[in-house]
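Thanks for coming. I will go through one model this morning, from the overall fold down to a few single residues. Please have the display open.

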Amino acid sequence: MSIEDDALTARLAMEPLGPIRQLGFVVRDLNQAIRAWTDIGVGPFYVAESPEISDQLYFGKPTASRVRGAWSYAGKMQIELLELMNDGPSLLRDFALKQGQGLQHMAYWVETFDDVLAQLQKQGYVVGQTGSPLGEHSRFAYVFQPSRPDSIVEISEYLGTKRALYEAIEMHSQNWDGRDPIRTWSPLS
């Protein structure tokens with residue numbers, strides 16, 4: 001299969017999922033990365049750490065990978081900044097070891113997570129990492145084509161608490177006045 005055929009297959013697989021909703025960046029220093037974004041008017045960022053114990057799987061095996069993350073919006077696009085907290089196996093760690101920092105994935109938000117993931121697997125996508133950081137209705141899967149292992153796509157379940165959280169963060173980012181750029185409290189409070 002040619003590179004052009006490969007790219008067409010990838011585009012056709014993602015087309016039914018709608019628009020890309022999130023850009024996910026691996027960063028070395030979360031506070032510095034937040035400052036870079038807030039300096040250009042994107043914010044506020046809501047910061048949280050992943051739990052010490054999680055249901056994450058890395059290529060089907062449990063992993064204790066942890067991150068400190070921050071979320072905001074640039075218009076309708078969610079910006080996710082992720083700083084590794086340990087050396088637990090993950091696609092984020094793989095990216096950091098190879099690239100240092102930068103855009104690691106693009107995410108599609110879906111309501112029919114199981115169906116979408118099964119369809120992508122039928123189309124040859126490999127599941128590299130999964131988890132559900134907020135419990136029920138918050139599953140994610142990082143997937144890629146074997147011929148394009150550096151083109152990571154996140155499929156993110158967009159229901160329940162995750163949906164409410166993302167909508168609240170988006171609302172707070174609209175007409176943000178520049179105050180309180182780093183927030184550690186939930187926008188749902």
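How many helices and how many strands does the secondary structure of the chain come to? The count is five helices and eleven strands. Keep in mind that this is a predicted model, and every value I quote is computed from it.

Start with the overall dimensions. The chain has 189 residues, and a compact globule of that length would have a radius of gyration near 16 Å; the chain has 16 Å, so the two agree. Along the principal axes, the C-alpha atoms fill a box of roughly 50 × 35 × 30 Å. Of the 189 residues, 46% count as buried. The accessible surface comes to about 10000 Å², and carbon and sulfur atoms make up 54% of that.

Next, contacts along the sequence. If you take the contacts with a separation of 6 or more, 62% are between residues 24 or more positions apart.

On charge, the chain carries 17 positive and 24 negative charges.

Now the aromatics. The count comes to eight aromatic pairs. One of them is F25 with W37, a tilted pair with 5.7 Å from centre to centre and 55° between the planes. Where do the two partners sit? F25 is in strand β1, residues 22-26, and W37 is in helix α2, residues 30-38. They are twelve residues apart, and the pair links distant parts of the chain. Both F25 and W37 are buried.

There is also an aromatic cluster, formed by Y58, F59 and F144. Look at F59 in particular. F59 lies in the loop between β3 and β4, the latter being residues 61-62. Its phi is positive, about 50°, although F59 is not a glycine.

H137 is in the loop between β8, residues 126-131, and β9, residues 140-145. Its relative accessible area is 33%, so H137 is partly exposed.

While we are on the backbone, find the peptide bond between G43 and P44. That bond is cis, with omega at about -5°. P44 is in the loop between α2 and β2, where β2 covers residues 45-49.

L57 lies in strand β3, residues 57-58. L57 is partly exposed, since its relative accessible area is 30%. What does L57 touch, leaving out residues up to four places away in sequence? The list is P62, T63, G128, Q129 and T130. Take T130 from that list: L57 and T130 are 73 residues apart in sequence, yet 5.2 Å apart in space, C-alpha to C-alpha.

The other is E170, in helix α5, residues 160-173. Why does E170 count as buried? Because its relative accessible area is 8%, and buried means under 20%. With residues up to four places away in sequence left out, E170 touches Y73, G75 and K76.

Terms used: Residues are numbered from 1 along each chain as its sequence is written. This is a predicted model: local features need pLDDT of at least 70, side-chain atom pairs count only at pLDDT 80 or more; totals for chains, interfaces and linings use all residues. Side-chain values use heavy atoms; hydrogens and water are left out. Helices (H or I, at least four residues) and strands (E, at least two) are DSSP runs, numbered from the N terminus. The radius of gyration is taken over C-alpha atoms; the globule rule is 2.2 Å times the number of residues to the power 0.38. Buried means under 20% relative accessible area, exposed over 50%, partly exposed in between (1.4 Å probe, protein chains only). Contact means heavy atoms within 4.5 Å. Accessible areas come from the Shrake-Rupley method with a 1.4 Å probe; for residues, only the protein chains shown count as cover. Lys and Arg count as positive and Asp and Glu as negative; His and the chain ends are not counted. The place of a charge is taken as NZ of Lys, CZ of Arg, CG of Asp or CD of Glu. Rings of Phe, Tyr and Trp (its six-membered ring) pair if their centres lie within 6.5 Å; planes under 30 degrees apart count as stacked, over 60 as edge-to-face and the rest as tilted.
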